Amino acid sequence: MKKTMISVKNLAYSYTKEPVLTDVNFELKEKESMAIYGSNGSGKSTLLRLILGELKAKENSVYICNEDVTNKKDWSNVGYVPQSTISKNIAFPVTCEEILASSQYRQMGLIKMAGKNHFKKANEVLEHFNLSAYAKIPFKELSGGLQQRVMIARAMVEKPELLILDEPTAGVDEKSNRDFLTILNELKIVDGLAYIIVTHERKLVEDIVELDQAFELKNGRLKHV
Ligand SMILES: Nc1ncnc2c1ncn2[C@@H]1O[C@H](COP(=O)(O)OP(=O)(O)OP(=O)(O)O)[C@@H](O)[C@H]1O
Ligand SMILES: [Mg+2]
């Protein structure tokens, strides 16, 4: 039987009086994919941040691999590609290999500096994603499409079983968009990754091959499309 990667049951959330999510329900199985589209402000990022435990969901409403996220400690099986406006905030002159090396920090306990092994692993992953040429280049000097690829590589350093992507193609050109879809499909088919992607572009959802589930997020609920 297939393992359940994400299970969301009767999830509701509001920041203020106004509810953002009213009743969200879905399951994502291992090696499967799911896309959600919704207009600006429909609650896509909120939903992902609840799944990631960044926002506090009610107990018993969000599970990752049968573990309630409100108690989850080890997140190494989950990769996250944040909405691109967040990656643009990486303004200080950090290189691509440093970004991938430092994403291993949370494993490092008390030792705060990335060591040789972290850089070795960072460069292996950069190579896997065809990014070796940019290892020593400051992240902020890259094009949007390359930045996006670096952020995907970064999310994959720990070889997670689940990838969560927030609006990853916003502001990238057609070619980068196609490259992105190819990488995403390879991760699913070759590496057996499960993923959930949210976007405001319905077209992107239509362009994803091998998509197992598609929804629209509207009025705080998911609707099959
Ligand atoms: N920290 C916050 N405090 C109060 N309200 C918030 C906060 N973050 C988001 N909201 C509100 O919650 C609603 C959903 O926001 P969210 O960012 O989840 O939408 P989104 O679908 O990701 O939008 P976008 O397409 O612009 O990324 C919006 O009305 C937003 O204004
Ligand atoms: Mg958002």
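**Ligand shell and local features of the predicted model**

C96 is buried (under 20% relative accessible area, with exposed over 50% and partly exposed in between, for a 1.4 Å probe and protein chains only), as its relative accessible area is 0%. The structure is a predicted model, in which local features need pLDDT of at least 70, side-chain atom pairs count only at pLDDT 80 or more, and totals for chains, interfaces and linings use all residues. Residues are numbered from 1 along each chain as its sequence is written, chains are lettered from A and ligands numbered from 1 in the order in which they are written, and side-chain values use heavy atoms, with hydrogens and water left out.

C96 belongs to helix α3 (residues 96-102); helices (H or I, at least four residues) and strands (E, at least two) are DSSP runs, numbered from the N terminus. Between C96 and M151 there are 55 residues in sequence, and their C-alpha atoms are 9.2 Å apart. A second pair is formed by D179 and L146, 33 residues apart along the chain, with 10.0 Å between the C-alpha atoms. D179 is located in helix α6 (residues 174-189) and is partly exposed, at 25% relative accessibility.

Ligand 1 is surrounded by Y15, V20, S39, N40, G41, S42, G43, K44, S45, T46, Q83 and E167, where a residue is near a molecule if one of its heavy atoms lies within 4 Å of it. By class, this shell has eight polar, two nonpolar and two charged residues. In this classification Ala, Val, Leu, Ile, Met, Phe, Trp, Tyr, Cys and Pro count as nonpolar, Asp, Glu, Lys and Arg as charged, and the others, Gly among them, as polar. Helix α1 (residues 44-51) supplies the largest share of the shell, three residues.

Polar contacts to the ligand were also computed. Such a contact is a pair of N or O atoms within 3.5 Å; within protein, one must be able to donate a hydrogen and the other to accept it, and residues adjacent in sequence count only if both atoms are side-chain atoms. A polar side-chain atom of K44 lies 2.7 Å from an oxygen atom of ligand 1, and a polar side-chain atom of N40 lies 2.9 Å from an oxygen atom of this ligand. For S42, a polar backbone atom is 3.2 Å from an oxygen atom of ligand 1. Of the 630 Å² of accessible area that ligand 1 has on its own, the protein covers 58%, with areas from the Shrake-Rupley method.

Helix α1 is mostly covered, with six of its eight residues buried: K44, T46, L47, L48, L50 and I51. Just after α1, G53 has a positive phi of about 75°. S61 lies in the loop between α1 and β4 (62-64) and is buried at 2% relative accessible area. The side chain of S61 reaches the backbone oxygen of K58 at 2.5 Å.

Rings of Phe, Tyr and Trp (its six-membered ring) pair if their centres lie within 6.5 Å; planes under 30 degrees apart count as stacked, over 60 as edge-to-face and the rest as tilted. The count by this rule is one aromatic pair. The ring centres of Y13 and Y15 are 5.2 Å apart and the planes are at 85°, so the pair is edge-to-face. Y13 is buried at 17% relative accessibility, whereas Y15 is partly exposed at 45%.

K72 lies over the face of W75, 5.2 Å from the ring centre; the rule requires NZ of Lys or CZ of Arg within 6 Å of the ring centre and within 35 degrees of the ring normal.

Definitions and conventions. Areas by Shrake-Rupley, 256 points an atom, 1.4 Å probe, with all protein chains shown as cover.
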